[in-house]
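Good morning, and thank you for the time on the agenda.

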Amino acid sequence: MPTNTLLLVLDLVGTFAFALNGALTAVRTVRLDIVGVITLATITAIGGGILRDVVLGATPPAPFSDWRYLTVAAVGGLLAFFLGRLLVRLETTIMVLDAAGLSLFAVTGALKSLDHGLGPGQAIILGAVTAVGGGTIRDVLLGTVPAVLHSGLYAIPAVLGSAVVVGAAVVAGADGLGQGGAAVAVGGALLCFAVRLVGVRFDLNAPAPPRPPQAG
Amino acid sequence: MPTNTLLLVLDLVGTFAFALNGALTAVRTVRLDIVGVITLATITAIGGGILRDVVLGATPPAPFSDWRYLTVAAVGGLLAFFLGRLLVRLETTIMVLDAAGLSLFAVTGALKSLDHGLGPGQAIILGAVTAVGGGTIRDVLLGTVPAVLHSGLYAIPAVLGSAVVVGAAVVAGADGLGQGGAAVAVGGALLCFAVRLVGVRFDLNAPAPPRPPQAG
Amino acid sequence: MPTNTLLLVLDLVGTFAFALNGALTAVRTVRLDIVGVITLATITAIGGGILRDVVLGATPPAPFSDWRYLTVAAVGGLLAFFLGRLLVRLETTIMVLDAAGLSLFAVTGALKSLDHGLGPGQAIILGAVTAVGGGTIRDVLLGTVPAVLHSGLYAIPAVLGSAVVVGAAVVAGADGLGQGGAAVAVGGALLCFAVRLVGVRFDLNAPAPPRPPQAG
């Protein structure tokens, strides 16, 4: 499978994971009606990619130039709307889907950023922005502080996954990732996914700031 | 009146309606000062069009390339600031103005999206995004869950109005909407407006999700 | 120092001020961990410039095409994370840093908008948007109503600073600001800074709307 096809597949799987996540979050937290659920599912699914493409000047963004994104997002939202009641461990499912979308988007976001000529550092950051973007818009719309701000290991795994593929691409140089590209992309995503799940499982957090005087 | 002129007029009328709506919302909910009122009026009025144009890559967006948008938005905000006290049915007025902006932006957003080469499905969605965009940003800034998520018939009329003009354009094909364009655009907007008002009047909602297990 | 270099320096100093501000706000209001603090610092620091450049179609935005922005933002965030406890008047420091970022971004935003061919009115508004953008995104992420809506003199000084440089550029005409450019830019920023501080010090507010009937 050529690298571009692989990236498209990873991007669509990430879109699907975030659509399920957005819809289940809507069902769980605010009991939106079906339109609200599918709207939130779609925004969560395509938000990160739109941010990425707008920053890259790659307009119209992928979700508006390729019909598969919106279709996958809507199908995922609809599915979650009807199947949500069958899930006994909703909380865990929501978290795992979020971690999956995070991982896939970190990798595809970083590689697309490199493709558009961004420097390595910027590509890592924009990969992470792609990864956390949809979930952040979801949380802002629902009126909660986004996970990227308060959840210890949310941005870090995204940056790690993003850095793996950017690092490999920099090492590979002008020849591109070639045959090993698939392995690198999947490896970066798995690393991000694993670090995120370990962080949630053991409730790990990055260090908090020293207490400010007025709180002491 | 040529189609382009008609679209500009509809866009400016929508901008005016949303500016009044944003200003009256500011007056009613948070008693902002005059600067806050005009700021919120302007953001509500031009937010949807900016989202649309940024996604289309049509930069600078219309409100920054054509001085009439910002002028109409500011005048609308100022007018509402001073006349707000005269309105005895503020709640209803705010809702009707919002429905008017929604309807006009759904139509102009969809047609501009087609003009920029988007596929029919994407044009319908981006038309709806144009319609709900300004109000959504308004609600997020005020810290309330946006209508597009919780209000049964908010996104649906926008999609309907948008779909009418896209459908007509697809049927008309390469010749464009021609003489009938005005009728189609106004018809799509009226359909959206009517469905939205009926939805509010009879408090219609789309079906809610089946109860999730933990709520049962 | 040529004007372009001056603008870059002002832009980077503004980025640094907003990064410190964002990090200290994070430390004070929600006790985020180090990742959250640096994330909020970075978003506050580069948010306004990204909005500006996306609207101008100048993609990728400066913070993604010039590595110095992200570096300055991260260093500022890190510094504030560790030094925050040493500041005895945190509230005042946060406000002054915000005013500094506001002033510098109003000026650089307006001049960059003119450079990209916007009309004077639009350049003034986009300068002000650049100035208030990062702080507004910061407030939305933290779930508070943004200062630009409720704080009497927040948008006004930004518009003033922006208007000074646009006015000077219009008067100078096709020759550009030339040797006097630095003085004009610094003057505009100082005016904005002074008006903002006076507004906060004396708790000045713009007039509130006449009471709506239902509140009377």
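First, the conventions. This is a predicted model, in which local features need pLDDT of at least 70 and side-chain atom pairs count only at pLDDT 80 or more, while totals for chains, interfaces and linings use all residues. Residues are numbered from 1 along each chain as its sequence is written, chains are lettered from A and ligands numbered from 1 in the order in which they are written, and side-chain values use heavy atoms, with hydrogens and water left out.

Let me start with the fold of chain A. Chain A has nine helices and zero strands, where helices (H or I, at least four residues) and strands (E, at least two) are DSSP runs, numbered from the N terminus. Of its 216 residues, 54% are buried; buried means under 20% relative accessible area, exposed over 50%, and partly exposed in between, with a 1.4 Å probe and protein chains only.

Where does α6(A) bend? The bend, of about 40 degrees, is at Val132(A), taken as the angle between axes fitted to the seven residues ending there and the seven starting there. Because 18 of the 23 residues of α6(A) are buried, this helix is largely enclosed by the rest of the structure. Just after α6(A), Gly143(A) adopts a positive phi of about 80 degrees.

I turn now to charge pairs. Over all chains there are 21 salt bridges, each being a side-chain nitrogen of Lys or Arg within 4 Å of a carboxyl oxygen of Asp or Glu.

In chain A, Arg138(A) and Asp98(A) form a salt bridge at 3.2 Å, N to O. Arg138(A) lies in helix α6 and Asp98(A) in helix α5, so this pair ties together parts 40 residues apart in sequence. Both Arg138(A) and Asp98(A) are buried.

A second salt bridge joins Asp11(A) and Arg52(A), at 3.7 Å, N to O. Since Asp11(A) is in helix α1 (residues 3-29) and Arg52(A) in helix α2 (residues 34-56), the pair ties together parts that are 41 residues apart in sequence.

In chain B, Glu91(B) pairs with Arg28(B), their closest N and O atoms being 3.5 Å apart. Glu91(B) belongs to helix α5 (residues 90-115) and Arg28(B) to helix α1 (residues 3-29), 63 residues away. Arg28(B) is partly exposed, at 31% relative accessibility.

As for cysteines, the structure holds zero disulfides over all chains, a disulfide being a pair of cysteine sulfur atoms within 2.5 Å. Cys192(B) is buried at 0% relative accessibility, and Cys192(C) is likewise buried at 0%.

Finally, the surface. A nonpolar patch of about 610 Å² includes Phe16(A), Phe82(A) and Leu86(A) among its residues. Patch residues have over 30% relative accessible area and no salt bridge; like charges are joined within 9 Å, and nonpolar side chains (Val, Leu, Ile, Met, Phe, Trp, Tyr) within 5 Å. Helix α4 (residues 67-83) of chain A supplies the largest share, five residues. Leu86(A) sits in the loop between α4 and α5 and is exposed, at 61% relative accessible area.

Methods. Accessible areas come from the Shrake-Rupley method with a 1.4 Å probe; for residues, only the protein chains shown count as cover.
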